[in-house]
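The entries below follow the order in which I looked things up.

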Amino acid sequence: QVQLVESGGGSVQAGGSLSLSCAASGRTFTYYTMGWFRQAPGKEREFVAHIVWNSGTTSYASSVKGRFTILRGNVKNTVYLQMNSLKPEDTAVYYCAVRAPGALDFSSWGQGTQVTVSS
């Protein structure tokens with residue numbers, strides 16, 4: 001069974017930085033896509049970024065491109081989201097998720113970690 005555990009959330013002032021991490025376990029993720037999503041109060045969950053584990057190919061939402069970086073960690077099955085130049089509108093619960101090769105949807109999700117950016 002796939003398990004995803006996020007950490008690294010917190011509170012920061014606008015313009016600051018935070019780094020989130022996601023530790024995945026339960027299977028080999030070589031050809032999986034690992035992604036970050038977020039959900040702000042009263043809003044739908046939205047895509048933030050993803051990385052294809054074996055190739056390192058990345059994709060970002062336009063709202064975070066140039067400010068956020070998704071990285072594969074040196075620790076096995078760990079992915080990071082480095083968030084710079086944070087804005088109040090980045091405030092949300094951030095979720096890590098995985099998508100199997102060939103699948104359309106992300107099927108396993110972490111419990112989420114809160115990120116709060118104050119102005």
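**Entry 1. Ser 108**

I began with Ser 108 and found it in strand S10; helices (H or I, at least four residues) and strands (E, at least two) are DSSP runs, numbered from the N terminus. The model is predicted, so I noted that local features need pLDDT of at least 70, that side-chain atom pairs count only at pLDDT 80 or more, and that totals for chains, interfaces and linings use all residues. Residues are numbered from 1 along each chain as its sequence is written, and side-chain values use heavy atoms, with hydrogens and water left out.

Is Ser 108 buried or exposed? I read a relative accessible area of 16%, so Ser 108 is buried; the term means under 20% relative accessible area, exposed means over 50%, and partly exposed lies in between (1.4 Å probe, protein chains only). Leaving out residues up to four places away in sequence, Ser 108 touches Val 2, Leu 4, Cys 96, Ala 97 and Val 98, where contact means heavy atoms within 4.5 Å.

**Entry 2. Asp 105**

I then turned to Asp 105, which is placed in the loop between S9 and strand S10 (108-109). Its relative accessibility is 57%, so Asp 105 counts as exposed. I also compared Asp 105 with His 50: the two are 55 residues apart in sequence and 12 Å apart in space, C-alpha to C-alpha.

**Entry 3. The open sheet**

Next I traced an open sheet of four strands, in the order S1-S3-S8-S7 and with antiparallel pairing; two strands pair if DSSP finds at least two bridges between them. Strand S1 (3-7) and strand S7 (68-72) stand at the edges with a single partner strand each, so one side of each has no neighbour in the sheet. The twist averages 15° from one strand to the next; axes are lines fitted to C-alpha atoms, for helices over the stretch in contact, and angles run from 0 to 180 degrees between N-to-C directions.

S7 and strand S8 (residues 78-83) run antiparallel and are joined by five bridges. Across this pairing I found Phe 68 opposite Met 83 in S8.

Val 5 is partly exposed, with a relative accessible area of 48%. Beyond residues up to four places away in sequence, Val 5 touches Ser 21, Cys 22, Ala 23 and Gln 111.

**Entry 4. Two loop residues**

I checked phi in the loops on either side of S8. Asn 77, in the loop between S7 and S8, has a phi near 60°, a positive value in a residue other than glycine. Asn 77 is buried, at 11% relative accessible area.

Ser 85, in the loop between S8 and S9, also is not a glycine and has a positive phi of about 50°. Ser 85 is partly exposed, at 42%.

**Entry 5. The hairpins**

S4 and S5 run antiparallel, joined by six bridges, and the bridge partner of Thr 33 in S5 is Val 52. Their hairpin has six residues between the strands, and Gly 42 there takes a positive phi near 75°. S5 pairs in the antiparallel sense with strand S6 (residues 58-60) over three bridges, and Ile 51 stands opposite Thr 58 in S6. This second hairpin has five residues between its strands, with Gly 56 in the turn at a positive phi of about 80°.

**Entry 6. The core**

Which residues have the most contacts inside the largest nonpolar core? I listed Trp 36, Val 48, Phe 68, Val 79, Leu 81, Met 83 and Tyr 94, in a core of 29 residues. Such a core is a set of buried Ala, Val, Leu, Ile, Met, Phe, Trp, Tyr and Cys residues joined through side-chain atoms within 4.5 Å. Leaving aside neighbours within four places in sequence, the contacts of Leu 81 include Trp 36, Val 48, Phe 68 and Tyr 94.

**Entry 7. Aromatic rings**

Last, I counted five aromatic pairs; rings of Phe, Tyr and Trp (its six-membered ring) pair if their centres lie within 6.5 Å, with planes under 30 degrees apart counted as stacked, over 60 as edge-to-face and the rest as tilted. The ring centres of Phe 29 and Tyr 32 are 5.4 Å apart and the planes stand at 80°, so this pair is edge-to-face. Both Phe 29 and Tyr 32 are buried. Ring pairs also link Phe 37, Phe 47, Phe 106 and Trp 109 into a cluster.
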